[in-house]
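Hi,

Here is the structure I promised to pass on.

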Amino acid sequence: MNWLSNLFKKQKQERLPMKKFLIVGLGNIGSEYANTRHNIGFKILDFLANKEGISFQTVKLGEVAELKIKGRTLLLLKPNTYMNLSGKAVKYWLEKENIEKENMLVITDDLNLAFGTIRIKTKGSDGGHNGLKNIQLLLNSTEYPRYRFGISDAFKKGQQVDYVLGEWSEEEKEKLKERLEISSEIIKSFALAGLNNTMNTYNGK
């Protein structure tokens, strides 16, 4: 009867919720990009790591910090591939850590949303974002959770690149403090309460 006991044990293990998560903040490496709107993904992860007293280590294809909360392990990943090749790091770490796509949250800037707007979704198109476009290409899927952080489209025609790669205004910097705090709560909620509960709690907040 050992085989039967082992079968039930295996089935029980398979039903257990996955307790490992990959939290990806998109951005570009280099001090010249550190405070730009395009680097909000990096900024949010840096804020969370600093708040939790953990530090990033340089690893293959990026920097990773490990956050443990209530039995969950969150790998915070900042790809060092530059934005347009973000998918390379994402695919590598998903496979290395054997994490399912539904347990990954990708944090990115969004020109189509007003500054500070929170939009958490289960899936979606790349919306013209090169980082998401590369992730979609390498994962061959648009079905993975993402957190879009609004940076607004307050730029004149032909100045999109300068705006996205420009630094935050003084007014935005002041408002960012509260948004970064909420963003850190969103990440922890994703791992502890699940995607649907997190969307219901924070979308539009």
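Helices here are DSSP runs of H or I with at least four residues, strands are runs of E with at least two, and both are numbered from the N terminus.

Before the rest, the housekeeping. This is a predicted model, where local features need pLDDT of at least 70 and side-chain atom pairs count only at pLDDT 80 or more, while totals for chains, interfaces and linings use all residues. Residues are numbered from 1 along each chain as its sequence is written, and side-chain values use heavy atoms, with hydrogens and water left out.

**Staying with α3**

Which residues of α3 are buried? They are Ser86, Gly87, Ala89, Val90, Trp93 and Leu94, where buried means under 20% relative accessible area, exposed means over 50%, and partly exposed is in between (1.4 Å probe, protein chains only). These residues sit on the same side of α3, because they cover an arc of only 160 degrees around the axis; the arc is that of the directions from the helix axis to the C-beta atoms. The buried residues of α3 pack against β1 (20-25), β2 (57-59), β3 (62-69), β4, β5 (104-110) and α4 (130-139), with contact meaning heavy atoms within 4.5 Å.

By salt bridge I mean a side-chain nitrogen of Lys or Arg within 4 Å of a carboxyl oxygen of Asp or Glu. Glutamate 95 counts as exposed at 54% relative accessibility, and lysine 91 as partly exposed at 30%.

**Other salt bridges**

The search of the whole structure turned up 14 salt bridges. One of them joins lysine 78 to aspartate 46, with the closest N and O atoms 2.7 Å apart. That pair links distant parts of the chain: lysine 78 is in strand β4 (residues 72-79) and aspartate 46 in helix α2 (residues 40-52), 32 residues apart. Is lysine 78 buried or exposed? At 10% relative accessibility, lysine 78 counts as buried, whereas aspartate 46 is partly exposed at 35%.

Over in helix α6 (residues 170-192), glutamate 170 and lysine 173 lie three residues apart, about one turn of the helix, and their side chains meet in a salt bridge (3.3 Å, N to O). Glutamate 170 is exposed at 60% relative accessibility; lysine 173 is partly exposed, at 35%. There is a network too, with salt bridges linking Lys20, Lys96 and Glu97.

**The chain as a whole**

The protein chain has seven helices and seven strands, running α-β-α-β-β-β-α-β-β-α-β-α-α-α from the N terminus on. Of its 205 residues, 45% count as buried. Among contacts between residues at least 6 apart in sequence, 69% join residues at least 24 apart. The C-alpha trace spans about 75 × 30 × 30 Å along its principal axes.

Anything you spot in there, send it back my way.

Cheers
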